[in-house]
Amino acid sequence: MRRHAARLALAVALACSVTAVFAAPASAHGIGGTAPTNYETTLTRVEPPVPGVSIDVVDLGNNLRLTNTTDRDVIVLGYDGEPYLRIGPRGVFENRKSPATYLNRARVPTTAAPASADSDAAPVWRQVSGGNVAIWHDHRAHWMGADAPPAVQRNPDRRHLIDRWTVPLRVGSQTVAAHGVLEWVPPPSPWPAVAIALGIAALVVGMSRTRWWRTVLVVTLAAMVLSATVHTVGHWGATSAGFGTRLTESLYGIVGIALGLAALTWAWRRGVEAAVPLVLVAAIFLLIAAGLGDVSTIGHSQVPSSLPAWVARLAVTLTIGAGVGLTVAAGLRLRVLAPPRAEGSSAVTS
């Protein structure tokens, strides 16, 4: 049974690894949450500045966030100049007559606003929050095309200014505008990370064939748990989503970390030999959840992490390399530790 389980685990892990390596250049999303990108959205200025009103870019340009601590309402204007959002001491409201209310529900709208939406109609406000912070998706602040801009297609290895965007606001009777830029930031080549991951995998497998194999398995799994934790913490701090959404987006990684810690605890209490099956399971789970699931991180310039981008890429690279190596090493060790089949034994008993 151990031998068959090890073979199945190895086949699944290796198939996932090959698929992820060849799909990496085309992949643009991880397991959940904000996807890595090569477009950088930056807020440059708010004219005129209003004390108590702040606006910033969050979620890699997917959303804008406005905070209003004044006793006046701030109105965000939609694409036709109509009232779209109202943020004030009574809460956050959206105008059900504004086409932006419906168009902003998807990053790339596939349907038009309903016929009931009318930019010229009097606002019909619906409360969406009791706080003083509004987070919304705004198509003015990100690239809408399915293909890269012509300038990027001609020279993808250079930084390009794609657009200058403006989001108009009203604070009382005052007209305010948030200005920003959208730029293309060339991605790093994923191949150095692939080479590093393969090198780590080969090192782990090679060292696991020596008399230090117990130390190799434990240290490698501990490194995977640490890198997955770093990656999860960075992802957690880079999203504007609420606690429940953050937990859901990070759930696979958290489960993988828990499995890794359980395997390390089992190895400490019962010995590495007894923990090998659980080490194999934890390695596969962490490899998929915290490595292959976020493999597109290594090939994009903008990554969803509160940590420096190179740290996020290194964490994913380490998890993939160590995960592939540990999966192979633990699978082979499980095969060695499997009790030999008695000669002449028969599966049929009388």
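This briefing walks through the sheet, a helix pair, the cavities and pockets, and some backbone details of the structure above. Please keep in mind that the model is a predicted one. A search of the whole structure turns up 2 cavities of 30 Å³ or more, and the second largest pocket holds about 380 Å³ of space.

- Strands of a sheet, in general, pair through backbone hydrogen bonds, in a parallel or an antiparallel way.
- Here β6 and β7 run antiparallel and are joined by 4 bridges.
- If you look along β7 (125-129), you will find R126 standing opposite E94.

- On the α4 side the contact is made by V204, M207 and S208, and on the α5 side by W213, V216, L217 and T220.
- Sorted by class, the residues of this contact are 5 nonpolar and 2 polar, with no charged ones.
- Elsewhere, A262 has its place in helix α7 (residues 251-270).
- A262 counts as partly exposed because its relative accessible area is 34%, which falls between the 20% and 50% cut-offs.
- A262 and L278 are separated by 16 residues in sequence, and their C-alpha atoms are 8.0 Å apart in space.

**The second largest pocket**

- This pocket, with about 380 Å³ of space, is lined by 24 residues, and those closest to its centre are N63, N104, I135, W136 and H137.
- Two or more lining residues come from each of β5 (83-88), β6 (91-95), β7 (125-129) and β8 (133-136).
- The element that gives the most to the lining is β8, with 4 residues.
- The lining divides into 9 nonpolar, 10 polar and 5 charged residues.

**The second largest cavity**

- About 40 Å³ of space lies in the second largest cavity.
- Its lining consists of T37, Y39, T41, L60, G61, R107, H142 and W143.
- By class, that lining has 3 nonpolar, 4 polar and 1 charged residues.

**Backbone details to look at**

- As background, most residues other than glycine have a negative phi, and most peptide bonds are trans.
- The peptide bond between E47 and P48 is cis, with omega at about -20°.
- P48 is found in the loop between β1 and β2 (53-58).
- D59, in the loop between β2 and β3 (63-68), has a positive phi near 55° although the residue is not a glycine.
- Is D59 buried or exposed? D59 counts as buried because its relative accessibility is 7%, under the 20% cut-off.
- L60 lies in the loop between β2 and β3 and has a positive phi of about 55°, again without being a glycine.
- L60 counts as partly exposed because its relative accessibility is 27%, which sits between 20% and 50%.
- L60 also belongs to the lining of the second largest cavity.

Notes
Residues are numbered from 1 along each chain as its sequence is written. This is a predicted model: local features need pLDDT of at least 70, side-chain atom pairs count only at pLDDT 80 or more; totals for chains, interfaces and linings use all residues. Side-chain values use heavy atoms; hydrogens and water are left out. Contact means heavy atoms within 4.5 Å. Ala, Val, Leu, Ile, Met, Phe, Trp, Tyr, Cys and Pro count as nonpolar, Asp, Glu, Lys and Arg as charged, and the others, Gly among them, as polar. On a 1 Å grid over the protein atoms alone, a cavity is a set of points where a 1.4 Å probe fits but cannot get out, and a pocket is an open set with protein on both sides within 12 Å along at least five of seven lines; lining residues have an atom within 4 Å of a point. Grid points are joined across faces, edges and corners, and a volume is the space filled by probe spheres set on the points. Two strands pair if DSSP finds at least two bridges between them. Buried means under 20% relative accessible area, exposed over 50%, partly exposed in between (1.4 Å probe, protein chains only).
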